[in-house]
Amino acid sequence: LKKKVDILEKLVDYKVVVDEDFMLLTTAVPSESQVPQLLTQIDQISRESGLSVVTMNYTLSNALAGEIDVTLTATGNYDQIVNFLSNMEKSSRIIELDNLRYGDNKDAEGNSALLVTFVLKSPYLVSSSKAVTTEPLNLDITDTGFISILSKIKGLKIYKYSIEDLKYKQVTESTQSENQ
């Protein structure tokens, strides 16, 4: 118990640093309540990269492990697709590219562009409210591995938004069978 108390007292002494580190880590792997924000972040990355989003949807692929699948269909050119992948890689939120399909697409005016479908995976934190007092507390915020991970996260871009920043375009409603 003495060792646990010493660790907890150290955390209290470094409260400001611990709070900052916690905020950084929760941007990389957010809680379950922040899962829908992933769609907004992917939309921001798409727009920043120059892609035009056609459709986007998500499913909770593994609720026990805390994983979400997002399917994004967008149009753009080769450079915009590469830019999207690069921007996604530099995002502080962990997003894994699971699948990528693309093909040629012509719009109503006959302009050619690539139609690309990304299947993306992103983890989220599944929290448990059970406090375990019998297991040892092995937490060291001064550990070099922990500091190294935080340094990498600090170098990544955090996509923040406010409700005022979100601009929705009017889309027509369609059924699943119309989309196929």
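Me: Rings of Phe, Tyr and Trp (its six-membered ring) pair if their centres lie within 6.5 Å, and planes under 30 degrees apart count as stacked, over 60 as edge-to-face and the rest as tilted; how many aromatic pairs does a search of the whole structure find?
Reply: The search finds one aromatic pair. The rings of Phe84 and Phe118 have their centres 4.6 Å apart and their planes at 45 degrees, so this pair is tilted. This is a predicted model, in which local features need pLDDT of at least 70 and side-chain atom pairs count only at pLDDT 80 or more, while totals for chains, interfaces and linings use all residues. Residues are numbered from 1 along each chain as its sequence is written, and side-chain values use heavy atoms, with hydrogens and water left out.

Me: What makes the pair a link between distant parts of the chain?
Reply: Phe84 lies in helix α4 (residues 78–89) and Phe118 in strand β4 (residues 112–123), 34 residues apart. Helices (H or I, at least four residues) and strands (E, at least two) are DSSP runs, numbered from the N terminus.

Me: Are Phe84 and Phe118 buried or exposed?
Reply: Phe84 is buried, and Phe118 is buried as well, where buried means under 20% relative accessible area, exposed over 50% and partly exposed in between (1.4 Å probe, protein chains only). Buried residues make up 28% of the 180 residues in the protein chain.

Me: Why are α2 and α5 called roughly perpendicular to each other?
Reply: Helix α2 (residues 15–28) and helix α5 (residues 144–154) pack at an angle of about 65 degrees, with their axes 10 Å apart. Angles under 35 degrees count as roughly parallel, over 145 as roughly antiparallel, 65 to 115 as roughly perpendicular and the rest as oblique, and α2 and α5 are therefore roughly perpendicular. Axes are lines fitted to C-alpha atoms, for helices over the stretch in contact, and angles run from 0 to 180 degrees between N-to-C directions.

Me: Which residues make the contact between α2 and α5?
Reply: From α2 come Asp21, Leu24, Leu25 and Ala28, and from α5 come Phe146, Leu150, Ile153 and Lys154, contact meaning heavy atoms within 4.5 Å.
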